[in-house]
Amino acid sequence: NHSVTCINQDNQSNLWIGTINGINKYDGKKFTAYTSKHGLISNYITCCIKDSKGDLWFGTNKGISKLTAGTFINFSRKDGLIGKNVKCLQEDASGNIWIGTNVGLSCFNGNRFTNYTTLDGLPSNEVNSITVDARQTIWIATSNGMCRVNKNHTFKRYGQQQGLMDTDIKTILTDYKNTKWLGTTTGLISFSDNQFRKYSIKKDL
């Protein structure tokens, strides 16, 4: 299957293409395939990031594979990851890796996982996307609103009561002006200066 789920680039300018049937590395001339036979935790790749050290992290339907110095290091629920179905990955300013799954949020500090759910203040356990803004603040997009991660790892929630028009957020991005852009099931929403603005398909998009 050639269904591509994510693309990233390493520090040697190789492209790494995640699919639902493994990873392909493209060096500009040829493709090299990597699968569970090469150490991947699963062939079903869902997302990919490059961290500040140049290592690549691949989210899958069975956990995470970190590619460092040509070797895959795998993390799953038995290592402390909150859930196996990884939906998104993000690195913060301290080098922690934040992992969104369909059953909650994990933060990996290089040694251990700290896990968060709605019991800890998450708006939903379905974590769809994570962004880091210019102030190095982490924002979490879920299927029931978004939240800001405070320095003590508590959560400031944003939902309908705060003016969010559609709480089923599929993706979130921070632009150069520090505006948050939310992709939802009903369209596009921006968040800036504590104000939400909706862009309807008919009017603005």
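Leu15 is partly exposed, because its relative accessible area of 31% lies between the 20% and 50% limits. The model is predicted. Leu15 sits in strand β2, which covers residues 15-19. Together with Val4 and Ile7, Leu15 makes a nonpolar surface patch of about 250 Å². Patch residues need over 30% relative accessible area. Leu15 has 31%.

Now to strand β18. This strand spans residues 180-184 and is mostly covered. Of its 5 residues, 4 are buried. In a regular strand, side chains alternate between the two faces of the sheet.

Which strands pair with β18? The table lists the two pairings, with β17 and β19.

| Pair | Partner residues | Bridges | Direction |
|---|---|---|---|
| β17 and β18 | β17, residues 169-174 | 5 bridges | antiparallel |
| β18 and β19 | β19, residues 187-192 | 5 bridges | antiparallel |

On the β19 side, Lys180 has Phe191 as its bridge partner.

Both pairings are hairpins. How many residues lie between the strands in each? The hairpin of β17 and β18 has 5 residues between its strands. The hairpin of β18 and β19 has 2. Within the β17 and β18 hairpin, Asn178 takes a positive phi near 75°.

Note on methods: Residues numbered from 1 in each chain as written. Predicted model: local features only at pLDDT ≥ 70, side-chain atom pairs only at ≥ 80, totals over all residues. Heavy atoms only, no water. Patch = residues over 30% accessible without salt bridge, like charges linked within 9 Å, V, L, I, M, F, W, Y side chains within 5 Å. Areas by Shrake-Rupley, 256 points an atom, 1.4 Å probe, with all protein chains shown as cover. Salt bridge = Lys/Arg side-chain N within 4 Å of Asp/Glu carboxyl O. Buried < 20%, exposed > 50% of the residue type's maximum accessible area, 1.4 Å probe, protein only. Pairing = 2+ DSSP bridges.
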